[in-house]
2 protein chains.
Amino acid sequence: MSPARHRLDEFALIRKLWAPLARGFPDAYGLADDVAYVALEGGGVRAGEELVLKCDALVEGVHFLPDDPAELVAQKLLRVNLSDLAAKGARPIVYLLTLMLPASLDDAWLERFAAGLAADQNEFGILLAGGDTVATPGPLALSLAVVGAIPAGRRLLRAAAKAGDAVFVSGTIGDAALGLMARSGTLAGVTAEEGRFLSERYRLPRPRLSLGQRLRGLVHATMDISDGLIGDLEHIAEASGVAATIEVGSVPLSPAARAALTRDARLIESVLAGGDDYELLFTAPPRHHDALLALGRELGVPVTRVGTIASGSGVRALDPEGREIKLARTGYRHF
Amino acid sequence: MSPARHRLDEFALIRKLWAPLARGFPDAYGLADDVAYVALEGGGVRAGEELVLKCDALVEGVHFLPDDPAELVAQKLLRVNLSDLAAKGARPIVYLLTLMLPASLDDAWLERFAAGLAADQNEFGILLAGGDTVATPGPLALSLAVVGAIPAGRRLLRAAAKAGDAVFVSGTIGDAALGLMARSGTLAGVTAEEGRFLSERYRLPRPRLSLGQRLRGLVHATMDISDGLIGDLEHIAEASGVAATIEVGSVPLSPAARAALTRDARLIESVLAGGDDYELLFTAPPRHHDALLALGRELGVPVTRVGTIASGSGVRALDPEGREIKLARTGYRHF
């Protein structure tokens with residue numbers, strides 16, 4: 001119960017920074033009531049839909065660095081959650097935002113943070129519905145819960161992979177893990193421009209919402225890659241009771257990642273297990289493979305076949321000669 | 001991106017502690033998928049309902065103390081959110097839980113925390129739908145988002161107070177603020193038993209869900225008292241464009257609070273402005289006053305008329321002789 005220490009008080013922050021983000025969602029009452037509403041007839045949800053809920057948190061010093069631009073922190077927070085909606089083929093509706101603010105944080109930082117949210121709200125079609133702001137003696141900590149919608153009963157689950165499916169990913173894999181190394185100056189073999197590209201891929205994921213909403217009917221299991229390709233494929237394999245194989249030579253790489261790998265082939269482990277890709281990972285039966293590749297071309301999002309699903313259990317990574325690659329680690333653990 | 005430091009890893013914690021809390025809500029898929037679903041037909045929501053969303057956070061050292069029992073921290077986290085649902089007359093459905101865990105926290109603490117949630121889930125009829133667990137170099141920090149439901153369009157708002165209404169509260173006021181003083185040994189004039197009672201009222205609020213769901217049709221403005229009676233009544237007055245008066249002699253006090261006030265009359269300021277009451281505050285037109293008092297008797301929850309609403313602005317507190325009491329502070333500010 002510490003006394004007021006901030007420059008703008010709680011209510012001024014709501015009026016100045018947060019209420020504008022809720023404009024366009026009248027059921028948030030300008031953040032001037034205690035709760036937000038989601039009307040199910042004629043409101044944010046359409047007839048025949050059901051809701052999808054998700055929350056994800058970021059902590060300074062763990063998930064982002066103190067000198068990361070506030071706009072990018074805001075966008076990463078929103079996008080890691082949107083990436084989960086994308087993987088479930090959901091349409092974003094609203095989000096709730098929890099801010100735990102250290103006394104050292106100034107209003108200018110919060111203004112840039114709000115500007116980052118505003119930009120992404122426009123880009124991804126989501127609005128702020130409510131939240132909570134509290135003081136913390138610790139580092140800046142942020143939690144965000146998103147609400148999305150899908151056609152009722154048309155759920156895209158982890159547990160739906162079937163023997164005979166192929167494994168697909170969107171975009172390129174490993175950029176974020178290498179980007180984190182580039183930021184800390186431990187990545188050799190890339191140009192300054194390639195380093196910036198990789199770093200940006202770490203700091204600003206691109207939720208594949210358009211692709212996700214078009215996967216329904218074409219795929220079996222889906223999820224987004226946050227803990228690393230191998231680790232997340234293990235989640236699908238375990239949930240589905242199947243085995244998975246990754247053909248490492250097929251894993252799509254950006255030119256920057258390819259340059260880094262050319263210099264140090266051992267980086268393949270960071271690419272496959274490093275996490276923070278926020279690309280989509282899905283399995284599909286053979287009859288839909290051509291449609292998926294065409295869909296990727298239509299949307300301008302690379303869609304690449306990287307492996308197969310069979311009966312059994314576990315995930316194996318094979319090199320181009322078909323030999324198994326042993327990985328010391330398979331995925332990011334959160335603690 | 002720190003390596004694993006915990007005793008149970010993330011997935012073991014989900015299986016052992018969190019998945020059991022989602023049992024009974026099949027649309028959470030045992031917390032083994034990426035998201036939770038809320039089905040709107042035949043699921044958690046009934047026909048003709050709409051949703052109510054709210055999130056609230058607690059940080060160690062700010063909202064609870066390091067030696068507070070884990071069960072009580074869990075229950076306070078859930079209950080401060082349920083209290084908002086109560087104030088809006090909502091039926092709880094599910095919640096999302098974000099845990100930011102310092103490395104020093106042991107599994108035994110988390111087990112007791114989960115036990116506290118389990119007890120309250122039973123008592124208040126809500127289930128865990130999902131969440132996120134991350135590491136923090138700072139203090140333990142917790143955020144919880146609740147989803148409730150109300151009959152569509154029958155919203156209880158802050159902005160609905162009308163001149164001629166009376167102001168009502170549930171329960172007794174000021175216990176939590178005095179309880180916080182009792183815990184720190186700065187409250188005189190109460191017995192050890194009274195001190196324990198007050199301290200418990202601070203640590204374990206009672207969300208007035210049954211009362212809240214019965215207020216619809218009888219009241220105008222509603223909210224719960226978290227920032228202090230005067231401060232929260234200011235929120236209602238400002239949102240509604242009206243003036244409010246509190247008759248301080250009518251404010252319901254517990255025997256323990258009365259004992260403390262007898263010893264030190266200046267404590268009335270803590271009672272009126274101290275916060276953390278988590279009682280309901282509402283305004284109602286004269287024709288429903290008898291029904292509200294009868295409802296309180298039926299439910300065994302004190303319902304007390306404590307003031308009036310008139311045209312104008314601002315909140316005044318009057319002593320039993322009708323003289324205005326000047327308060328140095330009117331409500332808790334979060335930072």
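**Entry 1: end of H4(B)**

I began at B:Gly185, which follows H4(B) and has a positive phi, near 75 degrees. I take helices (H or I, at least four residues) and strands (E, at least two) as DSSP runs numbered from the N terminus. The model is predicted, so I note the limits: local features need pLDDT of at least 70, side-chain atom pairs count only at pLDDT 80 or more, and totals for chains, interfaces and linings use all residues. Residues are numbered from 1 along each chain as its sequence is written, and chains are lettered from A and ligands numbered from 1 in the order in which they are written.

**Entry 2: burial of H4(B)**

I then looked up helix H4 (residues 175-183) of chain B and found eight of its nine residues buried. A residue counts as buried if 20 or more other C-beta atoms, placed from the backbone, lie within 10 Å of its own. Among the buried residues are B:Asp175, B:Leu178 and B:Met181. The buried residues of H4(B) pack against helix H5 (192-203), helix H8 (255-263) and helix H9 (268-273) of chain B. For contact I require C-beta atoms, placed from the backbone, within 7 Å.

**Entry 3: H2(B) and H3(B)**

I checked helix H2 (residues 70-87) and helix H3 (residues 107-124) of chain B: their axes come within 7 Å and cross at roughly 40 degrees. Axes are lines fitted to C-alpha atoms, for helices over the stretch in contact, with angles from 0 to 180 degrees between N-to-C directions. I record the contact residues as including B:Leu78 and B:Leu82 of H2(B) and B:Phe113 and B:Leu117 of H3(B). By class, the contact has eleven nonpolar, two polar and four charged residues. Here Ala, Val, Leu, Ile, Met, Phe, Trp, Tyr, Cys and Pro are nonpolar, Asp, Glu, Lys and Arg charged, and the others, Gly among them, polar.

**Entry 4: chain B against chain A**

I find 63 residues of chain B in contact with 63 residues of chain A. On the side of chain B that touches chain A, the largest share, ten residues, comes from E2(B). That side has 34 nonpolar, twelve polar and 17 charged residues.

**Entry 5: chain A**

I list ten helices and twelve strands in chain A. Its C-alpha atoms fill a box of roughly 65 × 50 × 35 Å along the principal axes. Of the 335 residues in chain A, 56% are buried.

Notes
Contact = placed C-beta atoms within 7 Å. Buried ≥ 20, exposed ≤ 12 C-beta atoms within 10 Å, placed from the backbone.
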